[in-house]
Amino acid sequence: MLWPLLALSLFPLSLAAQKSVHEQLVDLAAAGNGLIQLNDQTYDLLASPKRDWSAAVHFTALHPQRRCAPCKEFEPAFTAVAKAWANAPKEQRDKHFFATLDFDDGPAVFQKLGMSSAPGVHVYPPTDGPNASAKKAPFKYDFQNGFEAGPLAEQLSVHTPIPIPYKAPFNWARAGSIVSLIPIITLIFRFIKPALQNRWVWAAGTIATSLVMTSGYMFTRIRGAPYTGPNGGWIAQGYQNQYGQEVQVIAVVYGILAGSFLMLTVVTPRQLSPTRQRTQVYLWTAVNFLVFSILVSLFRVKNPGYPFKLIL
């Protein structure tokens, strides 16, 4: 009776020994919730020269003594993508595996691959079977889109039997920030509502916008003109050139000229006192001549051949 009992007890071990490499990988993935934790031996199983499966291997160094900050930053993203793949249908899920190899668990593999930095992601294509790839070298993720899980899932989906069913988790912090801004915006609008309903505010904004635009603002923006020229110069030579500060000066000049004409034609005639009316005529006429003289002198700077001038 001893020998039959001994044979019966060894039967499960013999079954385990008869499991194929693929079946062992499936069991390891199921035990790790879709993510296989590799070492030197299991890496050789996963990257077997003859394989009818593909695999994405994350090379990292998470031990505190390694002080790999990028490794800690990228690890949650790779884990999230691996767990998303665990939700794929079984017939496709078992054709691709996600695995992680820490440097302290497989230094020989890092040395064999010539890897001196982490993190890294290699995708090994199948070498046998109907889906065998002609390219034997692994695809290397280049992190050009950072350490986010979304771009990683999108690029790895090119190498998986079906697209990885990854969905970004709901951003509760962002939603909370937006909700908290609603009462603040409501309160601010309550205070600025009278200003927004005031026609003089809109009139001032319209005039300011008109002055800036007619002074060449869009001209400088489209051409990417600098704010000032060499040695701090603010006015550019020629009519086809203009600096950013020149726009501000010209806008102020146009504004003062328009204001002086407005005072002469609208405000001054309404003065009931002859003395006050005469004073404003003299004042705004002098301002008009002086500022217009400045404007003409600026034309002479832009084009030295300009023949006219007033006071200056």
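Where does Pro119 lie? Select Pro119 and you will find yourself in the loop between helix H6 (107-113) and strand S4 (120-124); helices (H or I, at least four residues) and strands (E, at least two) are DSSP runs numbered from the N terminus. This is a predicted model, in which local features need pLDDT of at least 70, side-chain atom pairs count only at pLDDT 80 or more, and totals for chains, interfaces and linings use all residues. Residues are numbered from 1 along each chain as its sequence is written, and side-chain values use heavy atoms, leaving out hydrogens and water.

Next, pick His58 in strand S2 (residues 54-60). His58 is buried at a relative accessible area of 1% (buried means under 20%, exposed over 50%, partly exposed in between, with a 1.4 Å probe and protein chains only). Leaving aside neighbours within four places in sequence, the contacts of His58 (heavy atoms within 4.5 Å) include Phe74, Leu101 and Pro119.

Two loop residues come next. Asn33, between helix H2 (21-31) and strand S1 (35-37), has a positive phi of about 55 degrees although it is not a glycine. Asn33 is partly exposed, at 45% relative accessibility. Phe143, between strand S5 (139-140) and helix H7 (149-156), also has a positive phi, near 60 degrees, but Phe143 is buried at 17%.
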